[in-house]
Amino acid sequence: MNNSLATLLPGLIVLSSMVPGAMIFLVREESHLLRTVLNLFGAVLKLLLVGVMVWAVWQGNELESRLVIAPGLELVLHADALSVLFATLSTVLWLITTIYAIGYLEHSPNRSRFFGFFSLCVSATVGIALAGNLLTFVIFYEILTLATYPLVAHRGTPEATRGAKIYLAYTLTGGLLLLVGAVWLRTLTGPVDFVEGGVLSGMPPELHGQLIAIFALLLAGLGVKAAIVPLHGWLPQSMVAPAPVSSLLHAVAVVKAGAFGIVRVVYDVYGVTFASELGLLAVLSVLASVTIVYGSLMAMTQDGLKTRLAYSTVSQVSYIALGASLLGPVATIGGLVHLVHQGIMKITLFFCAGNYAETLGVHKVSQMDGVGRRMPWTTLAFTVGALGMIGIPPIAGFVSKWYLGLGAVEAEQHWVLLILAASTMLNAGYFLPILYRAWFRPLPEAWPKEHVFDTRFETMGALLWPPVITAVLCLVAGLLAAAPFSPLEWAQLIAKREYGL
Amino acid sequence: MTPESAFDSAALDNLLAAPLVLAIMLPLLGSALTTALPRLAPLLGTLIAVGTAGAAIWTTVAVWTRGPIHLVLGGWDPSLAIALRADGMAAALVLMANLVGLAISVYALGYFRAPDRAQSFWPLWLLLWAALNGLFLAGDLFNLYVMLELLGLAAAALGALTGSRDAITANLRYLLVGLVASLTYLFGVALLYTAYGTLDIGLLSSAIAADEPSPLDAAALTLMVAGLAMKSALFPLHFWLPPAHASAPAPVSAALSALVVKAAFYLILRLWLDLFEPILDLSASMLLGLLGAGAVLWGSWQALRAERLKLLAAYSTVAQIGYLFLFFPLLAATPPGPSRDNLLAALLLMALTHGFAKAGFFMAAGLVQTNAGHDRIDDLGGTAQRLPATTFAIALAGSALIGLPPSGSFIGKWLLMQGAIETGQWWWVVVGTLGTLLSAAYIFRVLSRAFGLEPTPIKFVTDARAEVPALMLSLVSVAVLGLASGPLWTLLGLNASGGGA
């Protein structure tokens, strides 16, 4: 691959959404067309660039952009197999979400502000994916917090402002802990980049105490965004955001950034074997397990559809951390592949929830009687997502759970199987009643607030196709899991490189 | 003093002297001209502002290419002995002050619509500017005293420009405090003069280093630093600042908070590093650090409780000055080398970032005030939304004040924490973290007003002449200083290759 392209590509990928985003702020509110063109231009360009990057990394090329901020402080964007996994996920889902958001916000105010921050949000996420050292990671992690705040507060209602405040209080505090941890680590190691297999295993034993303390700081900082119990309090509160934002928050950006960060720290900073020797993985696996069960239990009790999905996210995202906390390549594959699978499944569910709210005014599970007959396509997509979350083959979620279970056996942590089983039961417990209501209960006399669009479909096209597409992706990722370039194949590639196999 | 009129070496001297002299004499001349021709004041003032900023850039370029410049002005009466010098630190501050000054001038054109206000503003403002440049570039202690006095007088007069009762009371107090402070400083200077018979900083520093540490040195140091600490509003001597800065017209508040306070701090730094370093021990530095910590916490807390936007900004200045003092104990504990260079550069970086950010913040706050007719934070809802560019400027400047990435103060804080951990003074990390959280709380208290249900703005920029300078300054503090702070190391003549680890 051409040398100058190799040093520019990661930077260009971040800029490809940041520059259009900055321009969107300046677009007049009524210039619908110009804004849409900018949005889609950025999203498609980014997708193309990421495509080139996937190809290059698969062929074993090194892609790296470096910017010296100050002596010893470098902004590094580096494409390795792990970053490509996350960057591809967020880029593909961003394009779909942008289309959805354009339809969703058709007539609402402040669209330039919304799409400006929306683009910045994705730029920050891709920056996190490509970050090649902790400094860069921290920078984009904080930018993500800042870019998401206006999106959560977007509606402008008192609840939205309150939710946004809570979100900010949690994430900024978390960001600070992460910063302190990163600075502390740097004073011990000097400037180091992320390296597959980790960089700390050679540290002298007298520093191990400090390394454990640093891990606690980093984990606390990342755990806030990854919504690990007891740091998850912001997530249900931020459900006041518009549906495309919730989709982005849960599937692509914020929660994922936290989980991805945990994976990075475990594998590419500490190194999974070294982390296990320090006893860090045991702590992480317990935290993740508690979160998985607690999130599912809370989800059972929620009547609001979006809050139920939010608690489901709390639970599901910790599968990624669980995968990272079990020593052995199979569990790693399970956790990493869930990074993608949870993303496409959860975004489907949130798109559908948005469609119910926008088309029928249905916000609660108790209002969902008969929605399957009024909106069959949306409900079909929802069903695929929900069954996938439970882990029913051949949908993507099954693949994740299968590898996690195998990994637990390989790591000789059999109690994890119990957690997985319990979680699956609970998932079924809160998703199946929804499906039953939607398909088998009779239609109500009137919907809470029905909105008839001028279309031959059940709802506006821009709202309908995104969940259908992502539902198809869930099926494809499960059915064709062994195909080249599938998330599973890619997760296997990463695991091979992390364990040096 | 054109270069053609003299022979080679003198020509070079003159050429080097030209920008330094111009940077001081141009605004002085402008002050006289605008007094003489009040009707033309805005036009003349703008021309002079552009010229002065040009001279400042020239000075910086000269220092960049040739290294420090030291001059005893040729052809002047030797007994006056006016020494000028410009090294990296002075050049960096001069550049910041003059760029901010230029932006303030442009902003003032739009701000002072009434001719009588403008007529009294320009002469005083240019006088202040001359004093500021004189102070940064002065090479002897008496000259510094003169400039300090001039600065104090011009600042107090400018602050009282609105003529309101509050403003006059506050600024009368400011004037008296300033006089007491500069007299205290003068006592210290007199002590040194009686002991060593010279006022040139370079000569004095070698004389002090050659002697045994004497009580007289200590007394002089205490007097001079105490006087200057009062001028730079170091906690607990900050009491005069908030009312004075909050009651001044917005462009003046910007100059006072961003530049004038910084000038006094610059003098402390100079005395500390250039003059008294041989006689200092860690406890003296620790005292300054403790006072700085008090300022960070108390100033941020008061800013959080402030009811008015400009008062909030003024208290934030108290806190930000505090951060700069945290560097003293770290500098004292770090041996010369890359780590110390990094600390010094980080200190400068934070001072520069604060200069740009606080000026931008005050300008934007002024726009809010003129637009809404008040600046009560709790009632700002609609205004924030009518002025998107202004709100944006507040947000950008605010994130620089908090120290969020990618602002210059983020890099500064990173290096501050790194230095604190390396020297084992971890308690400054706690102070910095708490201060950051508090500042995030007060900044977002303002920004959360921007997401109400009020109608949408049609355009991004509503008043270009006032909004663009505010936005530019805020943008510099965030993007330029944060992502490209490397040149600062070069300008300071520090080792730009070594990373501190």
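This report describes a helix pair, a domain contact, a chain interface and some backbone features in a predicted model.

## Basis of the model

In this predicted model, local features need pLDDT of at least 70 and side-chain atom pairs count only at pLDDT 80 or more, whereas totals for chains, interfaces and linings use all residues. Residues are numbered from 1 along each chain as its sequence is written, while chains are lettered from A and ligands numbered from 1 in the order in which they are written.

## A helix pair in chain A

Helices α13 (residues 305-325) and α14 (residues 329-360) of chain A have axes that come within 8 Å and cross at roughly 170°. α13(A) is therefore roughly antiparallel to α14(A), a term for angles over 145 degrees. Axes are lines fitted to C-alpha atoms, for helices over the stretch in contact, with angles from 0 to 180 degrees between N-to-C directions, and helices are DSSP runs (H or I, at least four residues) numbered from the N terminus.

The contact of α13(A) with α14(A) is made up of 14 nonpolar, eight polar and two charged residues. Here Ala, Val, Leu, Ile, Met, Phe, Trp, Tyr, Cys and Pro count as nonpolar, Asp, Glu, Lys and Arg as charged, and the others, Gly among them, as polar.

## Domains of chain B

Chain B is assigned domain 1 (17-138), domain 2 (140-280) and domain 3 (290-501), with bounds from an automatic or database domain assignment. The C-alpha centres of domains 1 and 3 of chain B lie 25 Å apart, and their contact takes 17 residues from domain 1 and 18 residues from domain 3, where contact requires C-beta atoms, placed from the backbone, to lie within 7 Å.

On the domain 1 side, α2 (41-66) and α3 (88-111) of chain B each give two or more residues, and the largest share, 14 residues, comes from α3(B). That side divides into 14 nonpolar, three polar and no charged residues.

## The interface between chains

Between the chains, 36 residues of chain B are in contact with 38 residues of chain A. On the chain B side, α13 (338-372), α16 (408-422), α17 (427-447) and α19 (486-491) each supply at least two residues, and the residues of this side divide into 20 nonpolar, 14 polar and two charged.

## Backbone features

The peptide bond from Phe235(B) to Pro236(B) is cis, with omega near 0°, and Pro236(B) is found in the loop between α8 (215-231) and α9 (241-247) of chain B.

Ala227(A) has a positive phi of about 60° although it is not a glycine, and is found in the loop between α7 (208-225) and α8 (234-237) of chain A.

Notes:
Parallel < 35°, antiparallel > 145°, perpendicular 65-115°, else oblique. Contact = placed C-beta atoms within 7 Å.
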